[in-house]
Amino acid sequence: MEIILNGQAKQIAVTYTVGQLVSELFPSGKGIAVAINQSVVPKSEWPTRQLSPNDQITLITATQGG
C-alpha cells in the first residue's frame, strides 16, 4: 500500500504499524514525533496504530542546536 511520508510517496506492507515504520527509518526511535493526517500520535500508541492507504505521515526529529 502507499502512504505519503514527509511529502513523498512510499510503499509499505499492508499491516504496517507506526512503530514498525519508525524502527525502520530511525532504529533508536529517540527524539521522534509522529503525526498522521495532521494529528499527533502518542508514542504509547505506536506499536498498535495501523497505517492506512494514503495516510499523510509527518516524522519530525529533534535536533540540538544553539
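Visitor: Is Glu24 buried, exposed or partly exposed?

Guide: Partly exposed, because its relative accessibility is 41%. The cut-offs matter here: buried means under 20%, exposed over 50%, and partly exposed lies in between. Keep in mind that this is a predicted model.

Visitor: Which residue does the side chain of Glu24 meet in a salt bridge?

Guide: Start with the general idea. Side chains of opposite charge can pair when their charged atoms come close. In this model, the side chains of Glu24 and Lys10 form a salt bridge, at 3.2 Å from N to O. Lys10 sits in strand 2 and Glu24 in helix 1, so the pair ties together parts 14 residues apart in sequence. Lys10 counts as partly exposed because its relative accessibility is 22%.

Visitor: How many salt bridges does the count come to?

Guide: One salt bridge.

Visitor: Now the helix. Which residues of helix 1 are buried?

Guide: First, the geometry of helices. An α-helix has 3.6 residues a turn, so residues three or four places apart point the same way. Helix 1 covers residues 18–25, and its buried residues are Val18, Gly19, Leu21 and Val22. Down the axis of helix 1 they fall within an arc of 165°, so they line one face of the helix.

Visitor: What do the buried residues of helix 1 pack against?

Guide: Four strands: strand 1 (2–5), strand 2, strand 3 (32–36) and strand 5 (56–61). Helix 1 lies across these strands and runs at about 135° to strand 3.

Visitor: In what order do the strands of the sheet stand?

Guide: The general rule comes first. Strands of a sheet pair through backbone hydrogen bonds, either parallel or antiparallel. Here five strands form an open sheet in the order 2-1-5-3-4, with mixed pairing. Strand 2 and strand 4 (39–40) stand at the edges with a single partner strand each, so one side of each has no neighbour in the sheet.

Visitor: Do strand 1 and strand 5 pair in the parallel or antiparallel sense?

Guide: Parallel, over two bridges. Leu5 stands opposite Ile57 of strand 5. Then compare strand 3 with strand 5: that pairing is antiparallel, over five bridges. There, Ala35 stands opposite Thr58 of strand 5.

Visitor: And how many bridges join strand 1 to strand 2?

Guide: Four, and the two strands run antiparallel. In strand 2, Gln8 is the bridge partner of Leu5. Strand 1 and strand 2 make a hairpin with two residues between the strands.

Visitor: What is the phi of Asn6?

Guide: Near 50°, a positive value in a residue other than glycine. Asn6 belongs to the loop between strand 1 and strand 2. Asn6 is partly exposed because its relative accessible area is 44%.

Visitor: Where is Gln38, and is it buried or exposed?

Guide: Gln38 lies in the loop between strand 3 and strand 4. Gln38 is exposed, because its relative accessible area is 82%. Its phi is near 70°, again positive in a residue other than glycine.

Visitor: Which residues in the largest nonpolar core touch the most other members?

Guide: In soluble globular proteins, nonpolar side chains tend to be buried together. The largest nonpolar core here has 16 residues, and Val34, Leu51 and Ile57 touch the most other members. Strand 1, helix 1, strand 3 and strand 5 each supply at least two residues of this core.

Visitor: What does Val34 touch, not counting residues up to four places away in sequence?

Guide: Its contacts include Val18, Val22, Trp46 and Ile57. Ser39, Val40, Val41, Thr58 and Leu59 are also among them.

Visitor: One last residue. Is Thr17 buried or exposed?

Guide: Buried, because its relative accessibility is 8%. Thr17 lies in the loop between strand 2 and helix 1. Leaving out residues up to four places away in sequence, Thr17 touches Trp46, Pro47, Arg49, Gln50 and Leu51.

How values were computed. Residues numbered from 1 in each chain as written. Predicted model: local features only at pLDDT ≥ 70, side-chain atom pairs only at ≥ 80, totals over all residues. Heavy atoms only, no water. Buried < 20%, exposed > 50% of the residue type's maximum accessible area, 1.4 Å probe, protein only. Arc of directions from axis to C-beta. Contact = heavy atoms within 4.5 Å. Core = buried A, V, L, I, M, F, W, Y, C linked by side-chain atoms within 4.5 Å. Pairing = 2+ DSSP bridges. Axes fitted to C-alpha atoms, helices over the stretch in contact; angles between N-to-C directions. Salt bridge = Lys/Arg side-chain N within 4 Å of Asp/Glu carboxyl O.
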